[in-house]
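Subject: Structure handover

Hello,

I am passing a structure on to you. Please have it open while you read; my notes come after it.

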Amino acid sequence: MAAVALKFVDDNHLRFQKAVERIGNRKTAERAYRKVINKTGTKLRKGVLKTLPKQTGLPSRTIRKALGKPKRASASYKGNAASLSYVLTTKGGLISLKHFKPRELKRGGVVARPRGQRLYLEKAFMKGGRFPNRKTLNMDGAGAVFRANLNASKRWYRGFHSLKSSVRIPDEMVIGPSKAEYDNATRSFAPAMEAEIRRLLALKS
C-alpha cells in the first residue's frame, strides 16, 4: 500500500543559479522555473494518463482517480519557501480481477484481461447455483472473481476468496511506457528552460 511519487524537479542547483545570474532577478528566475516545470509536469501527467490504461488494462477513469491532483510548483507563500517541483503521487495494493473485464465460462473457469492480456483462471467462478440459472455473487462487490480455499482444514466446507491481479498502479508508474514518459519529460526540460530564459532576455533588450 506504500505510495509512489513520480517527481519532476530540476535539482541542478548550479544551473538554477546561472539562470538567476543571466536573468538578473531571483524572483523572475523562480517564476520562469515554475512555469516550465509545471508545463513539463502537465505534459508528463497527460502522458501517464494515456499510457497507464493500456499498460494496466484498467479504464481511464480508474487511472485518473488513482493519480488524483498533482502537487504543482508554487511560489513562496506566508513564510513557506517556493517549490520548484511537480509531483504525481499514487498508492494502493494489488487490484481485484473484477476491474479487468472478467467473464465466467460455461466449461468452467473465468477469463480476465489484466494488462490487456487474456488470463484463464482455472476453477475460478463469478456466479453461484446450477446451470443455466446461475446468479452473480455480490460479495466483495458485483463482478468479483472467486476461488475455493483449497488449504482449508475442513474438506466439506472450504469457503472461497476473491482473486486479485498482479497489477499495482504505483509499480506500473515507474516501468514501461509510463517510465518512458518521465524520461522524455526529463530530457525536454533543459531545452524548454533555455528557451524561456532567452525569451525573458529578449524582452529586456
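Below are notes on sheets, aromatic rings and charged side chains.

This is a predicted model: local features need pLDDT of at least 70, side-chain atom pairs count only at pLDDT 80 or more, and totals for chains, interfaces and linings use all residues. Residues are numbered from 1 along each chain as its sequence is written, and side-chain values use heavy atoms, with hydrogens and water left out.

Sheets

Helices (H or I, at least four residues) and strands (E, at least two) are DSSP runs, numbered from the N terminus. Two strands pair if DSSP finds at least two bridges between them.

Strand S4 (residues 110–112) is joined to S5 by 3 bridges, in the antiparallel sense. There, alanine 112 stands opposite leucine 119.

Another open sheet of 3 strands runs S6-S9-S10, also with antiparallel pairing. Here S6 (124–125) and S10 (160–162) are the edge strands. S6 and strand S9 (residues 146–148) share 2 bridges. Phenylalanine 125 stands opposite phenylalanine 146 in S9.

Aromatic rings

The whole structure holds 5 aromatic pairs. (Rings of Phe, Tyr and Trp, its six-membered ring, pair if their centres lie within 6.5 Å; planes under 30 degrees apart count as stacked, over 60 as edge-to-face and the rest as tilted.)

One of the pairs is phenylalanine 16 with tyrosine 33, edge-to-face, at 5.0 Å centre to centre and 90° between the planes. Phenylalanine 16 is in helix H1 (residues 13–23) and tyrosine 33 in helix H2 (residues 26–56), 17 residues apart. Buried means under 20% relative accessible area, exposed over 50%, partly exposed in between (1.4 Å probe, protein chains only). Phenylalanine 16 is buried at 7%. Tyrosine 33 is buried at 2%. Ring pairs link Phe16, Tyr33 and Phe189 into a cluster.

Phenylalanine 146 and phenylalanine 160 have ring centres 5.3 Å apart and planes at 80°, so this pair is edge-to-face. Phenylalanine 146 lies in S9 and phenylalanine 160 in S10, so the pair ties together parts 14 residues apart in sequence. Phenylalanine 146 is buried, at 3%. Phenylalanine 160 is partly exposed, at 36%.

Charged side chains

The charged end of arginine 107 sits over the ring of tyrosine 120, 4.9 Å from its centre. (The test is NZ of Lys or CZ of Arg within 6 Å of the ring centre and within 35 degrees of the ring normal.)

A search of the whole structure finds 9 salt bridges. (Each is a side-chain nitrogen of Lys or Arg within 4 Å of a carboxyl oxygen of Asp or Glu.) Among them:

- Arginine 134 with glutamate 104, the closest N and O atoms 2.9 Å apart. Arginine 134 is in the loop between strand S7 (127–128) and strand S8 (135–136), glutamate 104 in S3, 30 residues apart. Both residues, arginine 134 and glutamate 104, are buried.
- Arginine 115 with glutamate 172, the closest N and O atoms 2.7 Å apart. Arginine 115 is in the loop between S4 and S5, glutamate 172 in helix H4 (residues 169–173), 57 residues apart. Arginine 115 is partly exposed, at 31%. Glutamate 172 is buried, at 3%.
- Arginine 168 with aspartate 171, 2.7 Å from N to O.

Salt bridges also link Arg22, Glu194 and Arg198 in a network.

Best wishes
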